[in-house]
Amino acid sequence: MTLFLFMLERVGLIIIFAFLVSRLKPFRTVLQTRKSWSSRAVLIVIFGLLGIVSSYTGIRIENGAIYNEGLHATLNESDAIANTRVISTAIAGLFGGPIVGLGAGVIAGVHRLMLGGFSAVACGISTILAGLIAGLLGRKYRIHRTFSYSHVLWIGISVELLQMALILLIAKPFEEAWALVQVIALPMIFMNAFGLFMFCLIIKMAVLEEERTKADQIHDALQIAQ
């Protein structure tokens with residue numbers, strides 16, 4: 001339960017970021033022109049940096065013990081972190097496409113690798129794959145058009161399950177990896193899926209607001225013309 005509460009705090013920070021950035025007209029414009037290379041580059045940088053911040057603000061786990069500390073510049077070999085990094089890379093993929101998801105995943109994943117810890121390689125790889133897979137599934141289900149919350153939740157749970165599987169497969173020794181997964185699996189799966197859902201909801205509200213504004217402008221122009 002303790003880790004659930006700490007993860008909820010981190011998800012809250014992501015939600016605040018989503019709300020603030022959705023208020024910026026340039027961000028909404030970039031979302032609507034997401035197929036241009038310049039827009040893709042902007043989204044890759046924004047969500048890649050958000051993934052880095054999520055790693056820095058993660059909750060340190062050492063030998064099954066939970067430490068809710070400040071920022072993490074580096075981790076000891078026996079350390080791991082529970083974090084909200086997958087939210088940023090998955091959102092990048094869902095609304096920017098596979099290229100944006102992969103780009104943001106590479107930025108956040110390489111940074112996670114540099115932080116260290118015995119699960120660094122597994123978490124770095126899973127971050128990259130999360131962005132790519134979310135992008136492919138987002139394109140398949142047209143998330144940027146449908147805003148299907150059920151699909152968003154399913155994708156969020158799936159990429160977190162992938163991360164847990166990679167930790168068990170790659171992180172050594174296996175006993176420590178298994179102990180880590182037992183501690184972080186449920187909090188990270190449910191809290192990150194919830195954060196992904198909330199981020200999607202906020203972006204949907206921003207996009208609808210932008211569309212209403214354009215519709216009002218067209219309506220006013222037609223009235224003037226008449």
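## A walk through the core, patch and pairs

Set aside residues up to four places away in sequence, and Ile-184 touches Leu-3, Ile-61, Ala-82, Met-164 and Ile-167, where contact means heavy atoms within 4.5 Å. This is a predicted model, in which local features need pLDDT of at least 70 and side-chain atom pairs count only at pLDDT 80 or more, while totals for chains, interfaces and linings use all residues. Residues are numbered from 1 along each chain as its sequence is written, and side-chain values use heavy atoms, with hydrogens and water left out.

**The core**

Buried means under 20% relative accessible area, exposed over 50%, and partly exposed in between, with a 1.4 Å probe and protein chains only. Helices (H or I, at least four residues) and strands (E, at least two) are DSSP runs, numbered from the N terminus.

Is Leu-166 buried or exposed? With a relative accessible area of 12%, Leu-166 is buried. Leu-166 lies in helix H8 (residues 149–170). Leaving aside neighbours within four places in sequence, Leu-166 is in contact with Ala-122, Ile-125, Ser-126, Leu-129 and Ala-171.

**Aromatic pairs**

The structure holds four aromatic pairs. Rings of Phe, Tyr and Trp (its six-membered ring) pair if their centres lie within 6.5 Å; planes under 30 degrees apart count as stacked, over 60 as edge-to-face and the rest as tilted.

| Pair | Centre distance | Plane angle | Class |
|---|---|---|---|
| Phe-95 and Phe-147 | 5.6 Å | 40 degrees | tilted |
| Tyr-149 and Phe-197 | 5.1 Å | 70 degrees | edge-to-face |

Phe-95 lies in helix H4 (residues 85–96) and Phe-147 in the loop between helix H7 (143–146) and H8, so this pair ties together parts that are 52 residues apart in sequence. Phe-95 counts as buried at 4% relative accessibility, and Phe-147 counts as buried at 7%.

The other pair links two helices. Tyr-149 lies in helix H8 and Phe-197 in helix H9, so the pair ties together parts that are 48 residues apart in sequence. Tyr-149 counts as partly exposed at 24% relative accessibility, and Phe-197 counts as partly exposed at 22%.

Most residues other than glycine have a negative phi, and most peptide bonds are trans. Phe-147 has a positive phi of about 50 degrees although it is not a glycine. Arg-142, likewise not a glycine, has a positive phi of about 50 degrees; Arg-142 sits in the loop between H6 and H7 and is partly exposed, with a relative accessible area of 44%. A cis peptide bond, with omega about -5 degrees, joins Lys-172 and Pro-173, and Pro-173 lies in the loop between H8 and H9.

**Salt bridges**

How many salt bridges does the structure hold? There are three, each a side-chain nitrogen of Lys or Arg within 4 Å of a carboxyl oxygen of Asp or Glu. Glu-9 and Arg-10 meet in one of them at 3.2 Å, N to O; Glu-9 is partly exposed at 43% relative accessibility, whereas Arg-10 is buried at 7%.

Arg-60 bridges to Glu-62 at 2.7 Å, N to O, and to Asp-79 at 3.3 Å, N to O. Arg-60 lies in strand S1 (residues 59–62) and Asp-79 in strand S3 (residues 79–82), so their pair ties together parts that are 19 residues apart in sequence. Both Arg-60 and Asp-79 are buried. Through shared partners, salt bridges join Arg-60, Glu-62 and Asp-79 into one network.
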